[in-house]
Amino acid sequence: MAATLPPINKNRNAVPSYGKPRPPPGGRLEPISPANAKGRRDRLAMEKSTALRNQMPILKKKDIAKFRNSYKHNLCLDMLTEGFHLFFCELVNLIRQQMEKREAAGPESFLWTKPVLQDQTEKLDMMKVHLTEAEAANRIGDFAKEYKARYDLAQFFKASEDDQWLVDHFFTTCLNVASKVETDGGKMQAEGHCNVGLCHQNNGLYGEAAKHFEAYHKLASENKEDWITSSGVSYYTDSCIKLYHIYTIIGTELGRTGEEEDAEASLETLTKALEMAKCSLDKKLEGESSYTLGMAYQKHNQLDTALTHLFNFYESCQGDSNSEGIGRACDAIAKIYARQGNKEKSVEFLKRFVELTEKTGLEKEYCLACHNLGNVCNSVGTYDEATEYFSKAYNISRALGDPDSTNVNRVQYGIAMAHRMMGKFANHVVVGDKTCMSRLVEWKSVRTDEFNKPIPDTVPGAAQHVMIPPPPPAEEKEESKEEAVEDSEDPGVREEGDGQTEGAAES
Amino acid sequence: MDINPLANPKGVKLLCELCQIPAFLQCKFCNVTYYCSLEHQKADWIGIHEKICDRLAFLRQPVPFLASREDRERRQKEVQVKKIELIEMTRTLAQKMLFEGKHEEAVPAAMQSLRYSIEVYGVSTIELVPSYLILGEASVGLGKLTQAEEYLAKADWTVLKTPDCSRAIQSKLYRNLGLLYAAKGDFPEALNNFADDIYHASEEFGTDDIRTAGGYFHMGNVFFRQGKMDVADSLYRQVINIWYSHLADVLKSNTPSEEELAQSRTRILGPVKGMFEEMGSGLDEAQEAEAVQILNSIHDIREHQTTRLPQDLAQACHALAMLYFVLGDIKKAKEYGRKAIVASDQVKDDDFSQSLVEFMKLCERQGTVN
């Protein structure tokens with residue numbers, strides 16, 4: 001060899017000099033051994049320590065590394081020496097991704113309070129078990145097994161709230177793996193799309209989710225009969241249901257923005273949702289879907305279309321005697337009729353609603369129904385009925401102990417009673433003879449309601465009731481809220497107080 | 001009693017550049033380097049001296065007399081910078097020669113780098129580790145395992161004593177230790193070290209960096225020798241993928257887009273510039289040599305494999321073709337490109353064929369330009 005390798009220790013192989021004798025090896029200590037220890041005590045101590053040392057196991061490099069390195073480091077080394085490098089890459093990148101997210105969020109964010117993946121040993125172990133299995137399967141081309149392993153892992157992480165991003169990751173990789181499986185005609189792929197879609201749905205990426213569900217639907221529709229889930233539902237139906245849900249969500253989201261374009265799109269998506277619900281052959285879903293669509297149409301002032309859809313819902317509810325559904329349908333239909341100005345129909349449906357809820361004992365709905373019916377009656381001008389219904393509503397809500405609705409109903413009840421009294425009160429004022437005046441004064445001072453008694457017929461035709469026009473219905477709720485604050489315990493006093501204000505305003 | 005050769009001034013010892021024994025020959029270009037024999041002079045010339053002759057002449061000239069302190073300090077700084085440059089250069093060259101398999105030629109360069117590192121940084125500092133590693137690798141290549149172990153042990157110790165040592169150096173150290181154990185035939189220990197190498201490199205550069213790929217490659221080799229073909233295959237695939245995407249990126253960033261091409265064509269009167277004139281590979285010399293070594297050996301393995309997947313060979317060929325293209329060897333690039341096309345016939349991957357076709361067009365264009 002031409003080139004000599006340079007020595008490590010300059011002292012040992014010292015520079016050859018011109019005839020100079022070599023210096024003694026500098027700085028090297030003699031080995032310590034019991035033989036050259038001085039004194040008996042020293043020797044004994046030395047022997048003891050040697051004996052102790054011999055009892056200790058001889059540590060290899062790897063054993064030392066176990067103590068020196070972090071848990072993650074050791075895990076990675078184990079994996080790599082066994083050749084699972086893909087798993088290693090995945091793990092390192094996942095950990096890095098989490099750290100970057102944390103860094104990006106800054107130390108004040110809530111992410112910093114959560115434990116990071118690399119410190120959670122049992123999760124790392126779980127990943128190791130499943131991912132090594134997955135990689136081993138990958139090597140021999142057994143993608144179904146790999147899919148299974150990844151799927152299990154995703155299921156494992158599903159339990160914990162903080163690990164949703166891992167669930168997303170593993171479901172996405174599941175989908176990638178599934179697309180390599182060719183033997184089962186795309187069944188796994190369909191599952192993969194379904195899972196990824198669900199992940200996106202949870203994360204609020206509805207558009208993405210819809211895309212995956214559509215792919216799922218497409219695959220499933222090619223095998224309508226053959227593919228059945230463990231719970232006995234066919235994939236096709238399942239896909240329809242999932243699509244229905246996502247379309248409904250998207251539709252409602254779009255409807256909320258209130259822009260013209262979005263409204264169109266919203267109606268379109270909701271129509272798609274309805275179609276999907278029809279495909280799923282689930283009457284209940286179909287009904288629900290019709291209801292949502294109907295409400296959307298109603299919101300965008302297409303009342304007739306809304307009515308058709310709501311009637312569909314009504315029928316479907318009647319079909320499986322879903323009284324709660326019928327109630328909602330009646331309510332919605334009545335509202336639309338009211339908006340169209342068709343009071344009779346509106347009242348009819350509300351009455352149905354009331355009857356139904358009365359029969360089935362759905363207290364809350366019953367209360368609502370009475371309230372709505374009262375409102376309509378109030379606006380039509382049939383104050384007697386209005387009072388009756390509001391009193392019902394008031395009593396029920398008091399029984400239910402719901403302070404909000406109690407207050408609202410209390411006020412409405414008062415208003416209705418005042419309206420009822422108003423006609424006669426006005427009549428008394430118009431007639432204005434002695435009896436009337438004394439009654440009015442009486443009422444002013446002690447609130448005794450004697451207006452119902454017939455007026456002595458001093459003036460011909462005076463007993464006729466003066467009809468006053470029904471008040472505009474809309475503002476009542478607002479004012480009722482304010483008045484509810486200065487509320488008293490007894491509804492009787494309340495009613496008169498209201499009557500007084502109304503009366504004062506009139507006169 | 002010291003004996004001074006008569007021709008030398010008293011107290012001046014002229015020692016051989018390579019073996020440190022009294023020297024009798026002088027390099028006639030720089031006049032500051034001495035050798036014990038013609039043999040050593042030749043070895044040094046081939047190894048490194050040719051490239052650093054004039055630098056050494058500057059560094060080893062007697063210190064001129066400078067009157068002011070500022071002047072002296074300035075000069076000191078200048079010398080320091082030159083020395084550091086020299087260290088970098090010799091190291092890269094040594095590494096390159098190692099990748100090319102010229103272990104013996106790498107030794108003089110590594111020695112030079114070690115010598116100046118000691119001069120600049122002092123004994124047993126972390127900066128010496130890369131030089132020790134190169135020497136270790138060279139010794140492994142020369143089959144001098146005890147010597148290699150000594151170097152690596154020294155490096156290991158230094159790293160151990162430097163707690164905040166950079167991960168890049170650690171990764172290199174473990175890679176060399178792995179190579180040593182692999183040469184010894186101690187495969188489990190080699191795997192442990194390569195695993196450490198990959199871990200540190202991944203932490204430093206990311207899992208898909210070309211600097212991590214070397215670890216995968218050596219690990220693949222160990223598995224290959226152990227007969228675990230499936231693992232080795234998957235590791236090789238990873239290496240090829242890493243290089244493939246890296247080279248594709250380099251190509252992409254260097255080639256002008258279609259629009260620019262069209263523009264340059266319409267400007268007929270303007271000077272027709274060589275479109276790829278200043279195409280850089282984005283790699284230093286050592287990395288280039290490493291790429292050539294790794295990709296070629298994987299390609300060979302793939303070619304001789306009977307049960308390979310067709311796209312593996314195709315991708316290896318394509319990566320090699322791109323590499324040669326980037327290095328400016330158009331003939332070889334075309335050759336491997338053709339091979340890749342043949343190999344990719346059985347692959348039904350349109351994206352891959354597409355990129356291959358585009359690459360071949362690029363080759364043709366480049367061929368006409370030059």
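Visitor: Among contacts in chain A between residues at least 6 apart in sequence, what percentage join residues at least 24 apart?
Guide: This is a predicted model, where local features need pLDDT of at least 70, side-chain atom pairs count only at pLDDT 80 or more, and totals for chains, interfaces and linings use all residues. Residues are numbered from 1 along each chain as written, chains are lettered from A and ligands numbered from 1 in written order, and side-chain values use heavy atoms, without hydrogens and water. Contact means heavy atoms within 4.5 Å. Among the chain A contacts between residues at least 6 apart, those joining residues at least 24 apart make up 53%.

Visitor: How many helices are there in chain A?
Guide: Helices (H or I, at least four residues) and strands (E, at least two) are DSSP runs, numbered from the N terminus. Chain A has zero strands. Its helices number 21.

Visitor: What area is buried between chain B and chain A?
Guide: The size of an interface is often given as the accessible area lost when the parts come together. Buried area is that loss, taken with a 1.4 Å probe and summed over both parts. Carbon and sulfur atoms give 62% of it here. The total is about 3700 Å².

Visitor: Which helix gives the largest share of the side of chain B that touches chain A?
Guide: Chain B brings 52 residues to the contact, and chain A brings 33. Several helices of chain B each supply at least two residues, including helix 1 (38-60) and helix 9 (229-254). The largest share is 11 residues, and it comes from helix 7 of chain B.

Visitor: Is D156(B) buried or exposed?
Guide: D156(B) lies in helix 5 of chain B. It touches K61(A), L173(B) and L177(B), leaving out residues up to four places away in sequence. Buried means under 20% relative accessible area, exposed over 50%, partly exposed in between (1.4 Å probe, protein chains only). D156(B) has 19% relative accessibility, so it counts as buried.

Visitor: What is the relative accessibility of T212(B)?
Guide: T212(B) sits in helix 8 (residues 210-226) of chain B. Beyond four places in sequence, T212(B) touches residues including R175(B), I198(B) and F205(B). T212(B) counts as buried because its relative accessibility is 0%.

How values were computed: Buried area is the accessible area (1.4 Å probe) that two parts lose on being put together, summed over both.
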